Amino acid sequence: MIEGKWHPKDSASQINALLSVNDLGRYTIELEDNKIYRGDFSKLQVSERLGSVARKITLENGSVFVTNNNDAIDKIFKQYQKVNGFIHYLETHLGWIAVALVITLASAFSFFKWGVPWTSQKIAHALPYETNKLISSGTMDFLDNYMFDETNLTKETQDRISRHFYEKVAPLSIEDENKIVYKLHFRSWKMNETEIPNALALPSGDIIVTDKFIELAKTQDEIDSVLLHEMGHVVHRHGLEMMIEGTFVTVAVMMISGDGSGLGDMGIGLGSALVSSSYSRGHESEADLYAFKKMLLVKIDPKSFSAIMNRMSIYMSEEENRTKGNNQEDASILDYFSSHPTTKKRIELANHYSECFKEGLTICK
Amino acid sequence: MEALKFNGSGSEYFKIWIVNILLTILTIGIYYPWAKVRNRRYFYANSTLSDRNFEYHATGKQLFIGFLIGAVFFILYNILGQVNPALGGILLIIFLLALPWLIWRSLMFNMKVTSFSNVHFAFKGELRRVYTIFLGYPILFFLLISIVGAIASTLMPIIQTADRSILAIVGFIVGFCFMFVYLYFFAFVKKNSTEYFIGNSHYGQGAFQTELETKKFFIIILKTIGISFIPMTVVAVLIGSMRSMVGNPYVGASGFVSGAELLFIIGYFVMIFVMMLIMSYMITRERTYIYENTLLDNKIAFESTLRARDLAWVMVSNIFLIFITVGLAYPWAKVRMAKLMLENTWVDTDIGFDEYISQKQQEVSALGDQIGDAFDVDVGIAL
């Protein structure tokens, strides 16, 4: 005998009832007001089990018997039809919960750590080269309108640097990707009175160097090393990769957070920010490696790279101290440098390649 | 009056949740609609009022097609938006134009697949009205503001001869008025949308009624803004002092988290905390006001006893829990929130529900619900 409540078809009114099943496969529902419903047990429809949620059994006439006694329902229905779904089985077996937990954590971790970058890289390189141009169309105009000013460098300086770049540096990437047409742009970039030293690459092959960067660079090698780093971004199609990675992360997070009630969303912003900053750090190391390898080929000491990077970061921190009074807006400077960290690893790699350079090697392990 | 109850538990929901995620991962996302149904079913069926429970009747199959379309749209929007901002903008406009329709469809579908004590809900609002509220009014408001702005700028030369301090005062007053008008408009939309959502909802043969005033919403918004000034100042000071503590964040970034990132994380948490406090105030006041002015069939009354401090506490502690457990505490967080919400929702049960009977309804596809879901459009009316 299973205790429960009985509703007439489509009605909210309810009355206490008892359900029983006999050996012949017939059920009996006895209502409190002595009404009795009988029928073939196999004609009953029972809702799928979900935790300890109330169970609904629909009779042939559309009336409904509701009970919380899930275990008893499972027991009697088991003999006639399979009511306990595979999913409920998983949900109630601790071992499977543990397995689910481990698989979930492991696959979430590997998905973000390796899956996303790997797939994005494959997709980025599988797309036709022209995609790179497509995604940077309009970017240069945007940057010119909102970030950059015209350069203050003399025509001679510009010509000298450009000529050297087009003749000596740019051709180095032909063996990797022969469709890239590099174009060097000189711009001045100011933020709150501070001149920003920087070099940027657009996926299309446009490379922008700022006045302050040229000013801080002491040797041609230093300029070349940074330009090679930027070329590394272009050759490895990092712009495209970032875009694909971003899409992946957003879609994945949306799915995992279930029916986003707004609660989980709060952590998502932070999570995706940390994840994408880790990806961009990966891109930086890849570009570094590319630059170092090329530098060995053309006999430039990889130390030049760490030297100029160091000088730029020291300059920025001095500027930061100088303008500490008005500390608005410079969060964006912080952001920029957090994706370009002068980490130990980065310097170590530069030193390692520098050793190879001193030994006269062109390939470093 | 009797309060609703939530009978689910965090540990039980955890098992359902983790299996959902596992299956979603193993099926590379295809299981998502079925997972969503299980989630919803769990929360609806565990919500009870005088021993009668709610039920969610949608099936994974029903949600699946809408889910596919939603996912494709969402991915397209993301990619196109990055490839070409102009194209992304056009897509966004199309989406905004479709938004009222999505809301409308979603409301119809979700009401239809929800039942309480064996009787289904229904939504019978007009499509035209939802377009008026979410598209017509904003456009009208925008035009009005532009016209006023144009008149003001033509009048500007007249007072240009006056000295600077007068100009500053005039500017201040104009800005202030503009803010007031804007907030009043916000309250106006809130009033109309709430009346539309509730006033067109039905339970069986019974209809919900609600009569609200823009003025009341406006006062709640003004009070919220008044309150938010204090914590905002505190946050500004806090962040400022923390900045000087961290010093040169980007030099010596050798560890796992650099100074800049640490600052970012702390700032993020403080911001969330403050936002929660302010949001809680607004949510609870609006909820109380809406509930006490809502009736079912002109006889069954509602009441909300949700307090701002309780809501803020649960929200903030939930986020903290979720963060330190890298998300694993999510089920407990959700259950806590459901408990708080339901236990502070009161319904007049003296009359009883026995008279209510499900009405015949047309089939509604889950298209609107799922496309909206993909873009995180939250249209459900929280209980």
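Chain B has eleven helices and eleven strands, where helices (H or I, at least four residues) and strands (E, at least two) are DSSP runs numbered from the N terminus. This is a predicted model, in which local features need pLDDT of at least 70, side-chain atom pairs count only at pLDDT 80 or more, and totals for chains, interfaces and linings use all residues. Residues are numbered from 1 along each chain as its sequence is written, chains are lettered from A and ligands numbered from 1 in the order in which they are written, and side-chain values use heavy atoms, with hydrogens and water left out.

Now the sheet. In chain B, eleven strands make an open sheet with antiparallel pairing, in the order S1-S11-S10-S9-S8-S7-S6-S5-S4-S3-S2. Two strands pair if DSSP finds at least two bridges between them. At the edges are S1 (2-3) and S2 (5-6) of chain B, each pairing on one side only.

Take one pair from chain B: S6 (residues 119-123) and S7 (residues 201-203) are antiparallel, with three bridges. There, B:Phe123 stands opposite B:Ser201.

Next, a helix. H2 (residues 32-45) of chain B lies across S2, S3 (47-49), S4 (52-56) and S5 (114-116) of that chain, and runs at about 165 degrees to S4(B). Angles run from 0 to 180 degrees between N-to-C directions.

Chain A has a hairpin. S3 (residues 26-31) and S4 (residues 36-40) of chain A pair in the antiparallel sense over five bridges, and A:Glu30 stands opposite A:Ile36. Four residues lie between S3(A) and S4(A), and A:Asn34 in the turn has a positive phi of about 70 degrees.

Key: Contact means heavy atoms within 4.5 Å.
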